[in-house]
Amino acid sequence: MSKKYNMSIGGESVAADKYVDVRNPANTDEVVGQAPQATPAHLEQAISAARKAFGSWRHSSEDDRVGACQIVAQVVTDNAEELAQLLTKEQGKPLNGLGSRFELGGCAGWAGFTAGLSLPEKVLQDDDEKKVIQQRVPLGVVGSITPWNWPLMIAIWHIVPGLRTGNTVVIKPSPFTPLSTLRMVEMINKKLPAGLVNVVSGGDELGAKLTSHEGIDKIVFTGSIATGKKVMATAAQRVVPVTLELGGNDPGILLPGTDPAKYAEGLFFGSMINSGQTCGALKRLYVHEDDLDATTQALVEFSKNIPLGDGSDENSMLGPLQNKRQFDRVVELVEDAKDNGGTAVIGGEPLGGDNYFYPVTFVTGVSDGVRLVDEEQFGPVLPIITYTDLDDAIARANGTQFGLDASVWGDNRKETARVAAQLEAGTVYENKHADIAPNIPFGGIKCSGFGVEFGEEGLAAYTSIKIINAAA
Ligand code: NAD
């Protein structure tokens with residue numbers, strides 16, 4: 001009998017009447033554990049516990065808030081190996097490489113850094129006429145919804161800035177990867193005051209109930225564009241502030257005549273991080289037509305050294321896709337590309353068996369207008385698209401609904417800077433991709449998102465401005 005995981009509500013471990021199996025994507029016969037299915041009553045309890053805790057936490061001192069965030073950092077550090085093992089089992093990502101241990105390191109890093117951020121009050125005017133002070137005050141109960149690709153890191157991105165600014169949190173993890181978040185929040189609750197961080201788990205409908213609940217004062221959502229639009233529409237009903245971190249279809253442009261071998265490692269991991277299941281991964285690569293063969297060859301050569309396998313195997317560097325829906329989507333997009341003139345120069349077929357493994361795949365012969373190029377594939381498949389004119393490549397890179405990140409690659413730094421200035425995205429990289437950090441605001445433009453996370457700007461999104469305007 002596999003282990004049952006519980007919710008954490010008001011500092012208590014709470015069981016449910018109903019549980020569902022969570023399976024290992026590297027071997028779908030293996031049940032990793034069972035996730036509780038919250039009822040509407042559980043959600044009510046979680047939101048009211050968070051509201052009760054907010055009553056005192058909103059008045060907490062800066063030291064208390066910093067301390068709470070440092071405790072979270074310590075909890076994830078002390079329990080990193082247990083959480084990494086569980087994350088690998090339910091998410092599929094390898095323990096090593098840019099996998100679970102890396103993710104737990106990120107959790108500790110983000111929590112620790114965010115603890116040290118602050119939003120001090122500002123004196124806007126102090127003279128014979130008046131004294132005006134600008135403060136940042138907490139919003140209340142934060143409703144957090146997370147996806148299945150980086151479950152723990154994204155949970156930390158939502159929880160820690162919430163606590164740091166005096167809010168309390170109710171988090172709902174993805175139904176595909178609930179166990180690691182349930183366990184992490186259980187651990188956090190052993191160290192923090194009751195009700196500061198609550199977790200409920202269930203299906204998508206639970207997310208909709210959470211975001212529409214009148215007890216939620218701020219929504220932070222990371223997930224697909226389609227769901228993000230629904231969340232924003234729901235938030236509009238009650239004029240609740242939202243932060244939306246949504247999908248991307250990041251373009252990368254290799255300048256004409258660039259030696260691709262020099263950048264193969266960066267291009268490879270920029271696109272294949274977490275088997276491509278990363279919002280800010282490189283998802284379409286534009287190369288000059290004269291450089292196509294050399295670029296493809298350099299990437300194929302590099303990929304031969306990267307072992308794909310069960311994430312629990314210490315040698316694996318890449319794991320399976322996380323779930324059947326995503327696996328089917330990747331298969332469908334590659335088949336569609338082949339039907340539309342594309343060639344998989346490596347990979348291109350699932351590995352087979354009771355799992356969701358899909359190999360590293362580079363596709364040539366496709367261009368804009370083919371689904372693999374136009375849509376977010378979210379898998380280990382990179383279309384390599386040719387151009388003849390650099391300005392045309394920039395226009396094609398920009399010509400989408402997405403705007404999360406973009407990158408330009410080449411030795412001529414004047415030219416990379418010129419192209420970077422023209423690329424339309426929340427972040428533009430030069431000679432790298434997917435390099436996020438807790439001190440650098442991150443967010444998308446266009447349909448890729450609304451608002452930023454990280455840094456002081458990210459922290460400010462969990463507050464409202466309060467002005468004290470006093471006559472002299
Ligand atoms: P998804 O939108 O299907 O689900 C995300 C979460 O929303 C899940 O917890 C789900 O249960 C919940 N949900 C579903 N319907 C809901 C509703 N109507 N109201 C409220 N919540 C609801 O996304 P996914 O497939 O889990 O994640 C993959 C997507 O997330 C990709 O598009 C990826 O690019 C994006 N993503 C973006 C970022 C970023 O920072 N920009 C980071 C990671 C993932």
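1. The ligand takes up the space of the largest pocket. A pocket here is an open set of points on a 1 Å grid over the protein atoms alone, with protein on both sides within 12 Å along at least five of seven lines. The model is predicted: local features need pLDDT of at least 70, side-chain atom pairs need 80 or more, and totals for chains, interfaces and linings use all residues. Numbering starts from 1 along each chain as its sequence is written, and side-chain values use heavy atoms, without hydrogens or water.

2. The shell holds 30 residues, each with a heavy atom within 4 Å of the ligand. Asp204, Ser224, Thr227, Leu246 and Glu376 are the closest. By class, 14 are nonpolar, ten polar and six charged.

3. Domain 1 (7-246 + 446-471) and domain 2 (250-430) each give at least three shell residues. At least two come from each of α7 (204-212), β10 (218-222) and α8 (225-238).

4. Now the polar contacts (N or O pairs within 3.5 Å). A ligand oxygen lies 2.9 Å from a side-chain N or O of Trp148. For the Lys172 side chain, the distance from a ligand oxygen is also 2.9 Å. A ligand nitrogen is 2.7 Å from a polar backbone atom of Leu246.

Terms used
A polar contact is a pair of N or O atoms within 3.5 Å; within protein, one must be able to donate a hydrogen and the other to accept it, and residues adjacent in sequence count only if both atoms are side-chain atoms. On a 1 Å grid over the protein atoms alone, a cavity is a set of points where a 1.4 Å probe fits but cannot get out, and a pocket is an open set with protein on both sides within 12 Å along at least five of seven lines; lining residues have an atom within 4 Å of a point. A molecule sits in a cavity or pocket if more than half of its atoms lie within 2 Å of its grid points. Helices (H or I, at least four residues) and strands (E, at least two) are DSSP runs, numbered from the N terminus. Ala, Val, Leu, Ile, Met, Phe, Trp, Tyr, Cys and Pro count as nonpolar, Asp, Glu, Lys and Arg as charged, and the others, Gly among them, as polar. Domain bounds come from an automatic or database domain assignment.
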